[in-house]
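Open the structure in a viewer and keep the sequence beside it. The tour goes from one selection to the next.

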Amino acid sequence: MTVDDLLASGTAPIVAILRGVAPDEVLAIGETLVDAGIRLIEVPFNSPDPATSIRMLQQAFGDRAAIGGGTVLDIAAVEALAATGGTIMVTPNTNPAVIARGVELGLEPMPGFVTPSEAFQAIAAGARRLKLFPAVAFGPAYLKAVREILPKTVRVWAVGGTGADNLADWLAAGAEGIGVGGALYKPGDTAAVVGTRARSLVAVWQAARSV
């Protein structure tokens, strides 16, 4: 499943960032996220055995969700991610070689950027979606200003300090969506706890969309 397909079908534009998740818990957490309406799921590569977790999620939910890896820092990680069957590749930085290799392998890159120069480097390497990171350090007004000089076809996601309390502000500033990490999942959280937070996030998005 692709990001485009999911968003076109009305899926909440929220990426669940499961940093620190382990393979023995990932399916229960993935199921509660998908059931709550969050169908964009990222397992960062600095989690325990990330490739296994991503492969498990892809096999279980790939027909209903877009699964991928985050904190992808080098070509080896890009290739390991592609081998899992996942579709999303999220990076914290702008590395044109990493982005280009992800595109070559059919992944959807979402590279991290701060400056317009980094944004245009990522676009030149093939990215159609960018990640403003850390978003909380710059705020919605910064995103709104940057959006004015980016191509209309390029979408920006806000990640870092994002959650239910500022989702509406980011969307109003022009973000296509947000990524949520610790406010949604931290190591040790049960699937039930994650499900409660996920439903609250989706409810906030639904309320913002209806305004």
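Select Thr91 to begin, in the loop between β4 (88-90) and α5 (96-104); helices (H or I, at least four residues) and strands (E, at least two) are DSSP runs, numbered from the N terminus. This is a predicted model, in which local features need pLDDT of at least 70 and side-chain atom pairs count only at pLDDT 80 or more, while totals for chains, interfaces and linings use all residues. Residues are numbered from 1 along each chain as its sequence is written, and side-chain values use heavy atoms, with hydrogens and water left out.

Is Thr91 buried or exposed? Thr91 has a relative accessible area of 2% and is therefore buried (buried is under 20% relative accessible area, exposed over 50%, partly exposed in between, with a 1.4 Å probe and protein chains only). Now show what Thr91 touches, not counting residues up to four places away in sequence: Val72, Val98, Met110, Pro111, Gly112 and Lys131. Contact means heavy atoms within 4.5 Å.

Next, select α4 and α5. Their axes are 9 Å apart and the packing angle is about 20°, which makes α4 roughly parallel to α5. Axes are lines fitted to C-alpha atoms, for helices over the stretch in contact, and angles run from 0 to 180 degrees between N-to-C directions. Angles under 35 degrees count as roughly parallel, over 145 as roughly antiparallel, 65 to 115 as roughly perpendicular and the rest as oblique. Show Ile75, Val78 and Glu79 of α4, which meet Ala97, Val98, Arg101 and Gly102 of α5.

Which residues make the contact? On α3 they are Ala51, Ile54, Arg55 and Gln58, and on α4 they are Leu81, Ala83 and Thr84.

Last, select Ile14, Leu33, Ile38 and Leu184. Of the 54 residues in the largest nonpolar core, these four touch the most other members. A nonpolar core is a set of buried Ala, Val, Leu, Ile, Met, Phe, Trp, Tyr and Cys residues joined through side-chain atoms within 4.5 Å. Around Leu33, show Ala16, Leu18, Ile38, Ile41, Leu184, Val194 and Ala198, which Leu33 touches, not counting residues up to four places away in sequence. Another core, of eleven residues, lies apart from the largest one and has Val15, Ile17, Ala66 and Val90 among its members.
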